[in-house]
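Dear colleague,

I am passing a structure on to you, and you will find it just below.

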Amino acid sequence: WSQDAYVKASNPGAADVFSRSVAVSSGTVVVGAWGEDSSSSGVNSTPNEGASNAGAAYIFSTPVPVFPEIVLEQPAGTDLANGGSRGFGTILLGNAATLQFTLRNTGDGPLTLTGSPKAALGGDDASHFQVQTQPASPVEAGDSTTFVVNFAPTAAGSRSATLTITNDDSDENPFTVSLSGTALSSTMDADGDGVSDAAEFL
């Protein structure tokens, strides 16, 4: 524990017994002073010394810090760990596969996606993936936004990329996901059996 503030009444008196009782709730502190001598009434009235031991309560407040918390789901309702992975499976060259991600803010302050673009793709194979729709920002506390990523390879083979979401969550920035997918070609025969990779897949 450490001391953050030294609190005194605005009109201290010798026998007020300020702080004899204290109540704390979040960012609010109520301090009782049952020996305070003012005869004034109401809230924020001008104190005087007209009523011995009339008593008073002093209320102090400070802003309570709020923090965002990013949660990424794919599919909706299934959490993805930061640094986790998602695969698009195997498709035929010339086709595309799609994944929809849900981004939630489970914190108590707004979550801002600070990247440009907000959901970015990187890596040697990034061109085979596209973010079809970008997430919205900011995401208010308790709210969510969705975005869609496509795997549309332009060449056969296994492909991978990294999805990066830069944000202001203090302990999950950036949030990254490894993406992977495989495309098969109708003109390639990897195992040399005379049947194309695409035909074997079908």
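Within strand S5, Asp79 is the bridge partner of Glu73. Please keep in mind while reading that this is a predicted model. Leu72 also has a counterpart in S5, where it stands opposite Leu80, and in total two bridges join S4 to S5 (residues 79-80), the two strands running antiparallel. Five residues lie between the strands in this hairpin of S4 and S5, and Gly77 takes a positive phi near 95° there.

S4 is also joined to strand S7 (residues 97-105), in this case by four bridges, and these strands run antiparallel as well. Here Val71 stands opposite Arg104 of S7. As for the side chains of S4 (residues 70-73), Ile70 and Leu72 point one way while Val71 and Glu73 point the other way, and all of them are buried.

**The sheet**

These strands belong to an open sheet of five strands, which follow the order S5-S4-S7-S10-S9 with antiparallel pairing. S5 and strand S9 (129-133) are the edge strands, each of them pairing on one side only.

**Aromatic rings**

Where rings count as a pair if their centres lie within 6.5 Å, the count comes to four aromatic pairs. One of them is formed by Phe88 and Phe151, a tilted pair with 5.8 Å from centre to centre and 40° between the planes. Since Phe88 lies in strand S6 (residues 84-92) and Phe151 in strand S10 (residues 144-151), the pair ties together parts that are 63 residues apart in sequence. Both Phe88 and Phe151 are buried, and together with Phe129 they form one aromatic cluster.

**The chain as a whole**

Stepping back from these details, the secondary structure of the protein chain comes to one helix and 12 strands, and, read from the N terminus, the order of the elements is β-β-β-β-β-β-β-β-β-β-β-β-α. The protein chain has 202 residues, of which 32% are buried, and it exposes about 11500 Å², with carbon and sulfur atoms supplying 51% of that area. Among the contacts in the protein chain with a separation of 6 or more, 59% are between residues 24 or more positions apart.

Key. Residues numbered from 1 in each chain as written. Predicted model: local features only at pLDDT ≥ 70, side-chain atom pairs only at ≥ 80, totals over all residues. Heavy atoms only, no water. Buried < 20%, exposed > 50% of the residue type's maximum accessible area, 1.4 Å probe, protein only. Pairing = 2+ DSSP bridges. Phe/Tyr/Trp six-rings, centres within 6.5 Å; stacked < 30°, edge-to-face > 60°. Contact = heavy atoms within 4.5 Å. Areas by Shrake-Rupley, 256 points an atom, 1.4 Å probe, with all protein chains shown as cover.
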